Amino acid sequence: MRIERCSHCERAFHVAEIGGAMPGTKEREDISCPHCRYTYTETSNGAFRTTPLSAVEERAFDEANPIEYRRTEKTYGIVVTAATPTDEVLAKIGRLRHACGDRIAILALGPDDVRARPDWRTIASECKAMVKHLSVEYVTQARIDALVSQISILA
Ligand SMILES: [Zn+2]
């Protein structure tokens, strides 16, 4: 069992290689992201089974392996806490309508799982209407202060 990050939606997931008792029969087998169904292949004697991480596991993985924001991409960061109202988040996303950005990074500050917000589907779909890439990063205030020089954080 290993953890991979999907190159399409950039979320982490478990990959387990199953079967494979027949050596010498390596074939290309599908690895399919359990979040967005993006699929790529790798050789295996058996097959691959993918499963999502628990929210706690995913957060721990993301904290240990933060997403690297590329200089070639225009990234806008939106800080979201449990107390941030939906309207405020959507208003910030709306400001990017004419910004020609490549990525929105939701910077989740605080202990809460941002993807468990009841408005998460709305937030995610609004982001995807504006930019190609949406990512979520769990951050501390110190990380936000460091990111200011790398991405545009919406005030
Ligand atoms: Zn994916």
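**Close-up views of a predicted model**

**View 1. The largest nonpolar core.** Of the 19 residues in the largest nonpolar core, those touching the most other members are I78, V80, I93, I104, I106, L107 and A108. A nonpolar core is a set of buried Ala, Val, Leu, Ile, Met, Phe, Trp, Tyr and Cys residues joined through C-beta atoms within 7 Å. At least two residues of this core are supplied by each of strand 6 (75-80), helix 2, strand 7, helix 3 (120-130) and strand 8 (133-139). Strand 7 gives the largest share, five residues. Helices (H or I, at least four residues) and strands (E, at least two) are DSSP runs, numbered from the N terminus. The model is predicted: local features need pLDDT of at least 70, side-chain atom pairs count only at pLDDT 80 or more, and totals for chains, interfaces and linings use all residues. Residues are numbered from 1 along each chain as its sequence is written.

**View 2. The surroundings of I78.** Leaving aside residues up to four places away in sequence, I78 touches V89, K92, I93, I104, I106, L107 and L154. Contact requires C-beta atoms, placed from the backbone, within 7 Å.

**View 3. Two loop residues with positive phi.** Most residues other than glycine have a negative phi. R37, not a glycine, has a positive phi of about 70°, and R37 lies in the loop between strand 3 (27-32) and strand 4 (39-44). C100, also not a glycine, has a positive phi of about 55°; C100 lies in the loop between helix 2 (86-94) and strand 7 (103-109). R37 counts as exposed because it has 11 C-beta neighbours inside 10 Å, and C100 counts as exposed because it has 9. A residue is buried if 20 or more other C-beta atoms lie within 10 Å of its own, exposed if 12 or fewer, and partly exposed in between; C-beta atoms are placed from the backbone.

Definitions and conventions
Contact = placed C-beta atoms within 7 Å.
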